[in-house]
Amino acid sequence: MTRQIAMMLTFIFCLPAKAQESISYVGQSDDYLVFGLDKTKSRKGAIVSGWTEWKQFVEPDSGELGTVTKSLYSADCSERRLALRAETVYRDPTRSQISNIFQAEPGKENYSDVVPGSVGDSLLKWLCKPQPKKAKTQKAGA
């Protein structure tokens, strides 16, 4: 597990400063590191959606990455339910070869209850975390 944490930190700190601001560490399992793409979060009524990136380890505790999956999740924060809306699985960390694509039919997403303490719970917390308010910019000469 320490190798996974070292790999995660290396991944985050090797990104340009702008990219670091827009990616959040969401959680991990034995097989995946999960990051939230902050600038993709949006709200439509009670539903919050956002893209995530799942980085799979080739072998547990190896530190070597395999597939990368980009997934769009929606959350009903008040009901603590999560739905997968779209997903693209890439065969390699460079994202040069697609191995699978999934797209839920709009309006027919399958929401499921989230297991406490799971990666799904971490996703729900990331999605439902309030967005920081943008600072108002003052117009010149005002």
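## Disulfide

C77 and C128 form a disulfide, with their sulfur atoms 2.0 Å apart, where a disulfide is taken as a pair of cysteine sulfur atoms within 2.5 Å. By this rule the count comes to 1 disulfide. C77 lies in the loop between β5 and β6 and C128 in helix α3, so the pair ties together parts that are 51 residues apart in sequence; helices (H or I, at least four residues) and strands (E, at least two) are DSSP runs, numbered from the N terminus. The link of C77 and C128 is left-handed, with -95 degrees about the S-S bond.

C77 counts as partly exposed at 22% relative accessibility, and C128 counts as partly exposed at 23%. Here buried means under 20% relative accessible area, exposed means over 50%, and partly exposed is what lies in between, for a 1.4 Å probe and protein chains only.

## Basis of the model

This is a predicted model, in which local features need pLDDT of at least 70 and side-chain atom pairs count only at pLDDT 80 or more, while totals for chains, interfaces and linings use all residues. Residues are numbered from 1 along each chain as its sequence is written, and side-chain values use heavy atoms, with hydrogens and water left out.

## Nonpolar core

The largest nonpolar core has 13 residues, and those with the most contacts inside it are V34, W54, Y73, L82, L123 and L127; such a core is a set of buried Ala, Val, Leu, Ile, Met, Phe, Trp, Tyr and Cys residues joined through side-chain atoms within 4.5 Å. At least two residues of this core are supplied by each of β4 (47-57), β5 (65-76) and α3 (119-128), and the largest share, 5 residues, comes from α3. In soluble globular proteins, nonpolar side chains tend to be buried together.

W54 is buried, with a relative accessible area of 15%. Leaving aside residues up to four places away in sequence, W54 touches Y32, L33, V34, T67, V68, T69, S71, Y73, V119 and L123, a contact being heavy atoms within 4.5 Å.

## Aromatic pairs

Rings of Phe, Tyr and Trp (its six-membered ring) pair if their centres lie within 6.5 Å, with planes under 30 degrees apart counted as stacked, over 60 as edge-to-face and the rest as tilted. By this rule the count comes to 3 aromatic pairs. One of these, Y32 with W54, is edge-to-face, at 5.6 Å centre to centre and 80 degrees between the planes. Y32 lies in strand β2 (residues 32-37) and W54 in strand β4, so this pair ties together parts that are 22 residues apart in sequence.

The rings of W54 and Y73 have their centres 6.4 Å apart and their planes at 40 degrees, so this pair is tilted. The pair links distant parts of the chain, with W54 in strand β4 and Y73 in strand β5, 19 residues apart. Y32, W54 and Y73 form one aromatic cluster, in which Y32 is partly exposed at a relative accessible area of 24%, whereas Y73 is buried at 12%.

## Charge over a ring and backbone

The charged end of K41 sits over the ring of W126, 5.1 Å from its centre; the criterion is that NZ of Lys or CZ of Arg is within 6 Å of the ring centre and within 35 degrees of the ring normal.

R80, placed in the loop between β5 and β6 (81-90), has a phi near 55 degrees, a positive value in a residue other than glycine. Most residues other than glycine have a negative phi. R80 is partly exposed, with a relative accessible area of 35%.
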